[in-house]
Amino acid sequence: MSTVAASGGYYIAMDADRIYAAPTTITGSIGVFAVIPTFQDTLGKFGVTNDGFGTTRLSGQLDLAREMGPEAREILQASVEHHYRYFVGRVAEARKRRPEEIAGIAEGRVWTGADAKAAGLVDELGGIDEAIAKAAELAGLEEGYDVRWMEQEMSWRDSLLMRLRGGIAWLVDALAPRGGSLPQLGFALERAKALLALAAAGRPVYLCSCRVE
């Protein structure tokens, strides 16, 4: 686990032979929730209402233009509770613990890597190098093994977008503490916007990391 491996991230990791996390990793969040937005209040401000007839009590209860009906709420709540029990049970099975023990550290609580180790949710504190070394040990590999990184090759557009996003984040962070002027920031954002438009249109874009004085 690197920066974040919570909820679904923990679900993926929990069946591993050994789980490594950084001390500052955000993990845990063993929980399930559901959100269904409805827009009856917003529509009501414009004088729009919604009504109708159905053949069953559930008809129209999930219409987003109306408040969710009580039966639909009960079904959704029951589904959430079922999947939560399943999640807790799977964690208990993977970590060889009793479900009651996992329930005591679940309920959506978020843990740092260090706290997760103390709670028994991860096995060791360490980074990718330690995890790779342990995987090699478990696989019975001898010293001198090679590591091949399985990564999807990015297109030049994806690579450009990633660089631009990182550059914008760096610029905002650099200007903010120094009281950088908004015109400077606005110019940088406009330039980034233009480059993104070129990339989206399939036009080649070249970036030169240089300064002209």
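This is a predicted model: local features need pLDDT of at least 70, side-chain atom pairs count only at pLDDT 80 or more; totals for chains, interfaces and linings use all residues.

**Entry 1: the sheet.** In what order do the three strands of the open sheet stand? I looked it up and found S1-S3-S4, with mixed pairing. Strand S1 (4-6) and strand S4 (110-112) are at the edges, and each has a single partner strand, so one side of each has no neighbour in the sheet. From one strand to the next, I noted an average twist of 35 degrees.

Next I checked how S1 meets strand S3 (residues 26-28). The two pair in the parallel sense, over three bridges. Ala 6 has Gly 28 in S3 as its bridge partner.

**Entry 2: the whole chain.** I stepped back to see the overall layout. The protein chain holds eight helices and five strands. Following the sequence, I wrote the pattern down as β-α-β-β-α-α-α-β-α-β-α-α-α.

How much of the chain is buried? Of its 213 residues, 23% are buried. The exposed surface comes to about 15,700 Å², and carbon and sulfur atoms supply 56% of that. I also looked at contacts between residues at least 6 apart in sequence: 57% of these join residues at least 24 apart.

**Entry 3: Arg 95.** I then picked out Arg 95, which sits in helix H3 (residues 70-95). Is Arg 95 buried or exposed? Its relative accessibility is 14%, and the cut-off for buried is under 20%, so Arg 95 counts as buried.

Which residues does Arg 95 touch, leaving aside those up to four places away in sequence? My list reads Tyr 10, Met 14, Ile 19, Gly 120, Leu 121, Val 122 and Asp 123. With Asp 123, the side chain of Arg 95 also makes a polar contact of 2.9 Å.

**Entry 4: salt bridges.** A reminder to myself: side chains of opposite charge can pair when their charged atoms come close. How many salt bridges are there? I noted a count of 12.

One of them links the side chains of Arg 90 and Asp 15, at 2.8 Å from N to O. Arg 90 belongs to helix H3, while Asp 15 is in the loop between helix H1 (8-13) and strand S2 (20-21), so the pair ties together parts 75 residues apart in sequence. I compared their surroundings too. Arg 90 is buried, with a relative accessible area of 18%, whereas Asp 15 is partly exposed at 46% relative accessibility.

I looked at another salt bridge, between the side chains of Arg 73 and Glu 67, with 3.4 Å from N to O. Arg 73 is partly exposed at 42% relative accessibility, and Glu 67 is exposed, with a relative accessible area of 54%.

The side chains of Arg 98 and Glu 100 form a salt bridge as well, at 3.4 Å from N to O. Here Arg 98 counts as partly exposed at 49% relative accessibility, and Glu 100 counts as exposed at 54%.

Definitions and conventions: Residues are numbered from 1 along each chain as its sequence is written. Side-chain values use heavy atoms; hydrogens and water are left out. Helices (H or I, at least four residues) and strands (E, at least two) are DSSP runs, numbered from the N terminus. Buried means under 20% relative accessible area, exposed over 50%, partly exposed in between (1.4 Å probe, protein chains only). Contact means heavy atoms within 4.5 Å. Accessible areas come from the Shrake-Rupley method with a 1.4 Å probe; for residues, only the protein chains shown count as cover. Two strands pair if DSSP finds at least two bridges between them. Axes are lines fitted to C-alpha atoms, for helices over the stretch in contact, and angles run from 0 to 180 degrees between N-to-C directions. A polar contact is a pair of N or O atoms within 3.5 Å; within protein, one must be able to donate a hydrogen and the other to accept it, and residues adjacent in sequence count only if both atoms are side-chain atoms. A salt bridge is a side-chain nitrogen of Lys or Arg within 4 Å of a carboxyl oxygen of Asp or Glu.
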